[in-house]
Each structure stands twice: as structure tokens, then as C-alpha cells.
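Please look over the chain shown below.

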Amino acid sequence: MCGIAGFSTHEYPNLSKEHLLAMGNAIRHRGPDANGEYLDEHIGLCHRRLSILDLSESGNQPMFSQDEQCVIVFNGEIYNFPELRTELEAQGSSFVSSTDTEVILHLYQKMGIKCLEKLNGMFAFALWDKQAQSLFIARDRIGKKPLYFLSYENRFAFASEIKSLLCLPDVPKEIRSDAVYDFFAYQYIPDPKSIFKHIHKLRPGHFLLYKAGEISIEQYWDVDFSAQSNQSEAEFKTQLQDLAQACTKRRMLSDVPLGAFLSGGVDSSGVVAMMAKEMQNQQHSSDTNRKNEKDRVTTCTIAFDDDKFNEAEFAQSVANQYNTDHHEFMVSQNVSDTLEDIVAFFDEPFADPSLVPTFYVSELARQAVTVAIAGDGGDEVFAGYQKYNTDDIENRLREKFPLWMRTHVFPSLTKIFSRFENRVLRKAHSLFSSLSVSPAMGFYLTNSQIKDHQWQNLVKPEFADALGAYHPSENTLRAYESAKGKDHLSRILYTDMKTYLPGGILVKVDRMSMANSLEVRAPLLDKEMIEFAATMPSELKFKDGEKKYLLKEAFKHLLPDDILYRKKMGFSVPLASWFRAELKGLAERYLVNTPKGLTQFFKQAEIERLWQQHQSNQADHSNLLWSMLMFELWWQRYMLNDQHDSYAQKGEVSA
């Protein structure tokens, strides 16, 4: 895992190697093991390396093709590179390293941009083709690895993180007003937007070509739910078991210590079980080419002193079952001491509360390993979230009420219930809001992190007017309507794979693991796994109210029922109590005493009202207060300070 960055000198003629060094230093936490820069009269590239495969200098980047006509900087892992290398060698290619990076170079020289069809992995790379005078940038199919690009007055630059782009001179920090709106609705900013007007995200499954000052972007992959197989449940189960084991095995190739995140949930527990099984297979095999020989899986988990959020006992149960080398960290009083530094790793507002335990479990894991395997993706691929239950109930209710009642009576009830802070009445407000609209819009409204009446109470009138036609549901509805799937569940799974997964879950995991120079791999997000799951009928994912039905069936030979069928807790944190205890002083300082960013857009009196209601237990506003705190912490770090990033060298960042 690494950090990459670069720029074109087409409209940036005064940029130098020092600028490349500054861009690289800003993201050196992503790759502390080695650095490299390349600069010619057209393009500049830089790389910060976290050594995982081929730890020798042969694996350093930028890496050149043997004819020196192509040069690449690459972030990620290609899991099928051994097979691809064998194919290339059979076609006459020769290699000087044992890296997947060199495989990409050879594939590109043989296939051009079609090389993407061959790659199975997580990646973001930039490849400069000297002969074609074009820069080829690509991002993996599901968005495990980030890629941002700057496009401003014909200037072009790219990087793994925004902070690297802000090292360049004269980058304007113009805020996108619709991105602010999106953030409070989603708790993240969906692609291709960023918080800054001139900085964009390359969407997952897309590539970008930059040539002679021109940018073109195309999609090379999408997930298709329309071609569902007619196999039996038993056949699907057997195929899923075999594929899950194979996807896990692929991710266990490493030249550095490797372990796993273990929450005690279905996905992470299943992954640990498959890792243990693979290690047993290796011990009984004569295969001497495996590079991760070890007797036990190293597992890491996070504990809370609040039983409603603590899954440590379940993680310990799985650790005992598979005799893992288990490590546990208790998240308690130190949250307020470290939160500001943790949030600094996000270069734009981001508010998934599980970023806190994800940072700590990454920090814990890095003490023992350099690579961690995780269960990310199981919920989105196999329908594991509680929101899918809620959506199913709402759709059943929709069918029971006539259209005239849902479109004329329910909106009036929604307005009435919006006046109350009572928890039950707030749920009634959410239900009637959802039932009054289409299933697609209802899915968005139920899962939105801020309701319309809350936004209207908070936002200053002049900012509300500036939003104009923007609406945060546009990303959800666009994805829902473009889904290649016949049924509603397929469409909302597709929607989450295109929005929440890459914009929320994977951003959180990437930033928090990379903050600790830790690589995280996810077998359940393998290309083949996603494409296979898309062929499964929806009733095998969500069956009679049972979430992840077939995945649980596939793991039954590995895990006990009290792991498979216990109530899902999620990787959550006790926000409500934190705001009244551990985080009270920090939050009060940023939300009430010295807010700078929030008061650009929101009414200070309303912020204080929400704060006081929460402190007096009149209402639980913890989710909204958390989003506001994350926004304010970001604003004061990135918008008020010239040297906003403690990981950049002094004088390298321009406001």
C-alpha cells in the first residue's frame, strides 16, 4: 500500500522536483519505507512506498518499463498477479522484480487500457506513456483505493489524498455548497465531488486519460444484477464457500507479517476462520512458495466499556475457537485527547463515527503486522444492514395504503410530527415521510442523517437560497435508477455499492489504516465475489427477514450459531454518552464557544439549542452534533490554518 501524486507541466511550467517532494511528504504516512520522484518536461510523478511484496529496491517506484517508454506509480495490490505474470512470461516477457507493479507495466504495453480487464485487486495508479504523450490513471472497480484530481484553469494534478494537492501553489479553496449539503445528509461527500470546487474524485471502476491539456474519463466496469442464475440454493452455497476461501487465500500472500481485524460479527469472524483453515492447509502442504508461514492467525479487536457497543466477548470467542494470537484495545477516556489528530487524516468533512474504533484497531494491528485482512463488504454484497429490514417493512406498508392517502394525508402528518423531539414521534415522522414517496426516495429519506426540518431550522436563509436545485438524494436516485437489476433489493444493494460503500466505508478504512501505515485487504470485495453475488436471487440474500441468509449458511461449518445469528451491533460508538462525558469539553469548545466553519452556514442559536437539549437529556441529537463537530474540526484545520496539515513540511502548503 502506498501514496501516489503527480502533475502535468502543461499549465504548471514552474513546478519542480521540490513540489513533488512536498506532495509526497504530505502523504508519507501512506508509505514510510521508500520514496521516489520522476520529472520530465511534460509530467511529474511521486511515490511513497509501504513495502509488502519484494522488499528489495527492485520494488521501488516510480517504476520504468524495460524500454523506459512507460513509467508508473501504483497504490494497491493485484491479487492475481502471479497468474498474470506466468501468462506474460509464456508470451516472452521477462521480469526484474517480484512485484505486481511490473506486471501492470507489461500488461499495459501489450494491451493498452484494456489491461484493466485483467486486473483483480485494489488499486489506483498513474502511468505515463512517453511515446503516446498520455497519462493513464485508473481506480479499482469498487473504490478501495482513493484517487483525487485537480482541474483548474487547465492545470492538472492528482494524488491519493487532497492534502497532497494542497501543497501545490495557488490551489483555490473554494467550497462546494452542495457538497456541504451532501455531507450532512450522508456523513461523507459522494463522488465525483469533493468539498473543494476544483478538486474531484475519480469514480470507482473508471479511468482517466490526460493528454495535451485535455481530460477524458470513462467507465470500464459495473456490477450487473440482471443476469441472475437459476442454480439451486445448495449449488450457490457450495460455490460461495469455495469462492470465499479462494478470495481469502489470494489475500494471504505477503512478504511482511499479516493478521486480521476481528469484531466478532459474521463477516470478520468468517474471514478469520478461513484464514485459519488456509494456514492449516499450508502446514500440511509441500507448497514452499507460500510466503506467510505462521502457526496462528494474529487477530485484533476493539472493546468499549459500554455493553451496548462492546463486541469484544464475541471476538474473544472466535479467537478461542481458532486459537488466534489475539490482541484487544479498550476505547475509553483517551478519545478526546486524540480525536483532533485522527480527524486530520480526512482532508474533507467525514463523520462516520466508526472512524474512531477503526483508527484504534489499525493502530493496534500495526504493532504486530503490516497487512490486516478484514470483513468489509459483506453487508453491501449480501444484504446485511438493518436498514434493509426497515426498507422491507416500509415497502410492505406502502402496499397496504392507497396512493391518495400516501401522497396527500401522510405529508401533512409528517409536518405535524416534525415539531416534536420525542423519540417515538421522530420515528413516526421518519416513517410517514418515507411512505409518502417512492421506494427509492423512501430508502434515501429513511437513511438520511439529517431530516429536511432539521436542515431548515439550522441553515441560514442566504445559504439555503444558494443551494438552489441541489438535493442530497440525487446521488441515491441516480444510482438506483441506473442499476441493472429487476427487483428493489438488487437496486438498493447496487445503490449502496455505488455510494455508501466507496464514499463512506472504504474511505474510513483507507484513511484510518493508512494513518498507521497498515494495509487492509477485503476478501468479500473481490471482483469475482461481487460478480458472483450479483447472480444470486435476492431471496437468498434477504430471506424471511434474515439478513445475509446464504452467507451465514455458507459459514455454518466454520462458526457457531451464537456468532452467526446474534443481533448485529455494527462497528459503532456510544456517541450520546460521549457528548455528555468524554467529549463534552472538546465538543463544547468547537460547537458552542469558538465555532468558525459552522457559523458560515448555520444559525449559532440553533446549534446551542441542540447542544443544550442533548446535555439535559431532553433529546438525543448525538448524530447531528457529531456531524457538526467533524465539520468544525475539519474547517479549523484546513480552512483557517496555512500549515493545516501536520504531515506536510513547513511552508509546503498554500492556503
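C70 is buried, at 3% relative accessible area; buried means under 20%, exposed over 50% and partly exposed in between, with a 1.4 Å probe and protein chains only. C70 takes part in no disulfide, and the nearest cysteine sulfur, in C115, is 10 Å away. A disulfide here is a pair of cysteine sulfur atoms within 2.5 Å. The structure holds zero disulfides.

## Basis of the model

This is a predicted model: local features need pLDDT of at least 70, side-chain atom pairs count only at pLDDT 80 or more, and totals for chains, interfaces and linings use all residues. Residues are numbered from 1 along each chain as its sequence is written, and side-chain values use heavy atoms, with hydrogens and water left out.

## The sheet with β5

An open sheet of six strands runs in the order β4-β5-β6-β7-β11-β12, with antiparallel pairing. Its edges are β4 (63–64) and β12 (214–219); each has a single partner strand, so one side of each lacks a neighbour in the sheet. Strands (E, at least two residues) and helices (H or I, at least four) are DSSP runs, numbered from the N terminus. Two strands pair if DSSP finds at least two bridges between them.

Strand β5 spans residues 70–78, and nine of its nine residues are buried. On one side, two bridges join β5 to antiparallel β4. M63 has I72 in β5 as its bridge partner. The two strands form a hairpin with five residues between them, and E68 in the turn has a positive phi of about 60°. β5 also pairs with β6, antiparallel, over nine bridges. Here C70 stands opposite D129 in β6.

Further along, β6 (residues 121–129) and β7 (residues 134–139) run antiparallel, joined by six bridges. L127 has F136 in β7 as its bridge partner. In a regular strand, side chains alternate between the two faces of the sheet.

## The sheet with β1

Another open sheet has six strands in the order β2-β3-β1-β9-β8-β10, with antiparallel pairing. Its edge strands, β2 (34–39) and β10 (199–201), each pair on one side only. Neighbouring strands of this sheet are turned by 15° against each other on average, direction ignored. Axes are lines fitted to C-alpha atoms, for helices over the stretch in contact, and angles run from 0 to 180 degrees between N-to-C directions.

Seven bridges link β1 (residues 2–8) with β3 (residues 43–49) in the antiparallel sense. S8 stands opposite I43 in β3.

## Cavities

How many cavities of 30 Å³ or more does the structure hold? There are six. A cavity is a set of points on a 1 Å grid over the protein atoms alone where a 1.4 Å probe fits but cannot get out; a pocket is an open set with protein on both sides within 12 Å along at least five of seven lines, and lining residues have an atom within 4 Å of a point.

The largest cavity holds about 140 Å³ of space. It is lined by 15 residues, with R49, L53, Q61, D100 and T101 closest to its centre. β5 and α3 (100–111) each give two or more residues to this lining. β5 supplies the largest share, three residues. By class, the lining has six nonpolar, six polar and three charged residues. Ala, Val, Leu, Ile, Met, Phe, Trp, Tyr, Cys and Pro count as nonpolar, Asp, Glu, Lys and Arg as charged, and the others, Gly among them, as polar.

At least two lining residues come from each of α5 (177–186), α13 (403–417), α14 (423–435), α15 (439–447) and α16 (452–458).

Of these helices, α15 is mostly covered, with seven of its nine residues buried. The buried residues are A440, M441, G442, F443, Y444, L445 and T446.

Notes: Points joined across faces, edges and corners; volume = space filled by probe spheres on them.
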